[in-house]
Amino acid sequence: MTKITPIHSFHIPVMGLAFTIDSPIKIAQYGISSVVSITDDILIENMNSFYSVKYNLPFKSYSTKDPEARSTRITSYLNNMDIIVKKKFHNFKVSLTEKKEALDNYINLLPDFSDVKKSLVKMIEENTSKEVLQNWIQENLSPGNIDVNIMTKLDNSRTHKKQPLPSHYNDAHTALKGFAESTLKSSIVLSAGINPRLYSYFEQFEDFYPTKDGELNKKIVLKVSDYRSATIQGMFFAKKGLWVSEYRIESGLNCGGHAFATEGLLLGPILNTFTENKKDLINRTFEVYKSALEAKGKQVPENPLDIEITVQGGVGTSKEHQFLLDNYDVSSVGWGSPFLLVPEATTVDKHTLEVLAKAKEKDLYLSNISPLGVPFNSVKGVSNDAYKLSKIENDNIGSHCPKKFLALNRDSNGKSICTASQKYQSGEIKKLKDENLSVEIYQQKFNKITEKSCLCIGLANAGLIDNNIESKDTKSGVLVCPGPNIAYFDKIISLKTMVQHIYGKMPNLTPGNRPNMFVKELEMYVKYFNDKLDEFKVNPNKKDQKYLTSFYKNINEGISYYQDLFKESNIVSSFSKLQKKLHSF
């Protein structure tokens, strides 16, 4: 049978805890892949209960006192999601042969390059019989992937009856187990850096090893921001007989959520390095992988498995989308923040939708609210802001911290504590009061302590509020983490309209003065470097000097790359203008 190219050339990355928590249920039937966060098992159990009622599926609640509850909740939800998606996909396929309008709408949703679209159009023109059409649809259509995400650093240890549990009960470990034991045949996306102990835990699950047919029931995807870290992590897995099927490259700053800035490495040059070295990466990794499988007595594929390169972060027009596909030969492009304005695809409450639709460049900023201590993409006006301010005014600071996913610090007794928690912030403010500081210095330090927000609740609440799920946590409002790109989308959008925008089938939804994605990223990196340089001048040290020297070198090399790449384009001057704004080092 002739190989059919993928139906869509885009995917929806994970967003927050709740924003893509049920996206596969909404859009997988159309062949669109999306990523579900499996960090918050409490939210997951609430969503499982909600959808079990809606689709008449069995549901069981698991006690938090049970150490196995976390992984079991995740497995249960993913299994039910698998059932729902398959059911909706079946009904969708039936509708394509029963209703001409459904078939026409589906064809309009597909990109022109799609073999599926070409074949469907041809069958309609040839007035193909219903039976032949049904058989073709059955053989050639497939739902989008139900992929999942784990932030590898969110691997807090847990206790049971006041006794520490083994490491395989850590948060990221149990999330991995929840996915590994589910019925899904899809991918797990690992983000936020390497976690050797977690990576080693993958060895315990058979679905990550090749079948007799050389297939992988479950695949590993690494979200990375540079080639060097990608190869190190890929080789780490290969030595354990585990294959990384995809490297998902994300802009360090021009993205949503936490912003993990690179050392001045820009997206275009990073992609170019992957493109040039892909074959070598596959061959070198496969030799190590093959030896590891042989040593373990596992099935060994005859030929190297494929590695896909995908990209996400700041893309906003069909021209940018197609440029990434053509110039870097990526398999898929991630569209994240714009889909926050598409209720048919994501889960966002009404108030937050309004905030996002109205947001302009001046409303979007990198904040320090994350307890991880990593810059966090934020937008002014979210409901959690007012709630937190009210608590501070009433001398009731901090979160009661019921979930503790970000309790990665240690208190004086060695116990896990989150910097957004009431216990931590109250303790730090008590210390401040004993320091006899001036009013101005006291307020500065007070603000630094209290700016930390409870992401565990704030990023989950949209899922509860939008689905009318009762919870005492919803009173604290919603936090949302869009990338800067959301500033150029100013209204709630239908799924059809957004997809047609991606494929260039309609006038751009974005304004004409929107900066090119590469220019926007460079602008952010120039500002980031200049701010870091100013900090260095106040407190110079060898470590930061080495970092800034490397950053300065990399960013200038990146600018030269873009000047050559776009030398015949009218955006080339933008790179030169930004280079002049880069402070000398």
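**Close-ups of aromatic rings in a predicted model**

**View 1. Lysines over rings: K298 on Y209 and K218 on F179.** For "over a ring", NZ of Lys or CZ of Arg has to be within 6 Å of the ring centre and within 35 degrees of the ring normal. K218 does likewise over the face of F179, at 5.5 Å from the ring centre. A note on the source: this is a predicted model, where local features need pLDDT of at least 70 and side-chain atom pairs count only at pLDDT 80 or more, while totals for chains, interfaces and linings use all residues. Residues are numbered from 1 along each chain as its sequence is written, and side-chain values use heavy atoms, with hydrogens and water left out.

**View 2. The F202 and F208 pair.** Searching the whole structure turns up 33 aromatic pairs. In one of them, F202 and F208 have ring centres 4.9 Å apart and planes at 65°, so this pair is edge-to-face. Rings of Phe, Tyr and Trp (its six-membered ring) pair if their centres lie within 6.5 Å; planes under 30 degrees apart are stacked, over 60 edge-to-face, and the rest tilted. F202 is buried at 0% relative accessible area, and F208 is buried at 1% (buried is under 20%, exposed over 50%, partly exposed in between; 1.4 Å probe, protein chains only).

**View 3. The F566 and F575 pair and its cluster.** Here the ring centres of F566 and F575 are 5.8 Å apart with planes at 15°, so the pair is stacked. F566 counts as buried at 9% relative accessibility, and F575 is buried at 0%. Both belong to a cluster linked by ring pairs, along with F323, Y328, F518, Y561 and Y562.
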